[in-house]
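Please read the following note with the sequence and the model at hand.

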Amino acid sequence: RLDEFAQAESDDQGKTVGLAKMMDIPRAASNFRFFAGQILHHEDRSTLFDRPPVRAVNYTTRHPLGVAALISPWNLPLYLATWKVAPAIACGNTCVLKPSEMTPRTATMLGEACTAAGVPAGVVNIVHGTGKGAGQPLVEHGDVPLISFTGGTVTGKNIARVAAPMLKKLS
């Protein structure tokens, strides 16, 4: 679907089809391959602390957090969406991707591609709308413990202000 994705990225974002075909779409696909491979090397660790009179075991475990709200910008719509979706699902989370309202097409196509690839329903969700209408409800929702945002500084500060009292993880 390289040609289809490249044309949609060009129509939405304004870059040339050639650039999208050569750079953006292959990089987006590479994100899934990278995180799929990376998760194979992700392990829990434990170390023994043995300095009498203290003996202890320090350990690290990794568990999915739940629903990740992923808010992506207009300038690299598909690439940055996959940079958020791929690690979220590789780590066992579900996600709700809210793309920029200015560049929604390839996010919709990404959702369709995930379904076609066999990703279970409800794992990758796409919601369209404005920041206030779609992004803000995700940020404010009590059952969303993780937010990944790429965009403007003012919006980022607002997200941090809302998320901090709920101890949400931010990136």
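The numbered points below treat the pockets, selected residues, the cysteines and the backbone.

1. Basis of the note. This is a predicted model, in which local features need pLDDT of at least 70, side-chain atom pairs count only at pLDDT 80 or more, and totals for chains, interfaces and linings use all residues. Residues are numbered from 1 along each chain as its sequence is written, and side-chain values use heavy atoms, with hydrogens and water left out.

2. Rolling a probe the size of a water molecule over the atoms shows where empty space is left. A pocket is found on a 1 Å grid over the protein atoms alone, as an open set of points where a 1.4 Å probe fits, with protein on both sides within 12 Å along at least five of seven lines; lining residues have an atom within 4 Å of a point. The volume is the space filled by probe spheres set on the points, which are joined across faces, edges and corners. For the largest pocket this space is about 470 Å³. Its lining has 24 residues, and G131, K132, F149, T155 and I159 lie nearest the centre. The elements that give two or more residues to this lining are α5 (131-140) and α6 (153-163); helices (H or I, at least four residues) and strands (E, at least two) are DSSP runs, numbered from the N terminus. By class, the lining of the largest pocket holds nine nonpolar, 10 polar and five charged residues. Here Ala, Val, Leu, Ile, Met, Phe, Trp, Tyr, Cys and Pro count as nonpolar, Asp, Glu, Lys and Arg as charged, and the others, Gly among them, as polar.

3. The second largest pocket. This pocket holds about 300 Å³ of space. Of its 16 lining residues, F5, A29, F32, L110 and A113 lie nearest the centre. Two or more lining residues come from each of α1 (2-13), α2 (17-39), α3 (77-90) and α4 (105-116), and α2 gives the largest share, five residues. The lining comprises 14 nonpolar residues, one polar and one charged.

4. Asparagine 125. N125 belongs to strand β5 (residues 124-126). Is N125 buried, partly exposed or exposed? N125 counts as partly exposed because its relative accessible area is 28% (buried means under 20%, exposed over 50%, partly exposed in between, with a 1.4 Å probe and protein chains only). Its side chain reaches the backbone oxygen of C95 at 2.9 Å, and a polar atom of that side chain lies 2.9 Å from the backbone oxygen of G122. A polar contact is a pair of N or O atoms within 3.5 Å, where, within protein, one must be able to donate a hydrogen and the other to accept it, and residues adjacent in sequence count only if both atoms are side-chain atoms. N125 and C95 are 30 residues apart in sequence, yet 6.0 Å apart from C-alpha to C-alpha.

5. The cysteines. The whole structure has zero disulfides (pairs of cysteine sulfur atoms within 2.5 Å). The sulfur of C114 is 7.5 Å from the closest cysteine sulfur, in C95, and is therefore too far for a bond. C95 is buried, at 0% relative accessibility, and C114 is buried at 7%.

6. The backbone. Most residues other than glycine have a negative phi, and most peptide bonds are trans. P52 and P53 are joined by a cis peptide bond, with omega about 10°. L167 has a positive phi, near 55°, and lies in the loop between α6 and β7 (169-170).
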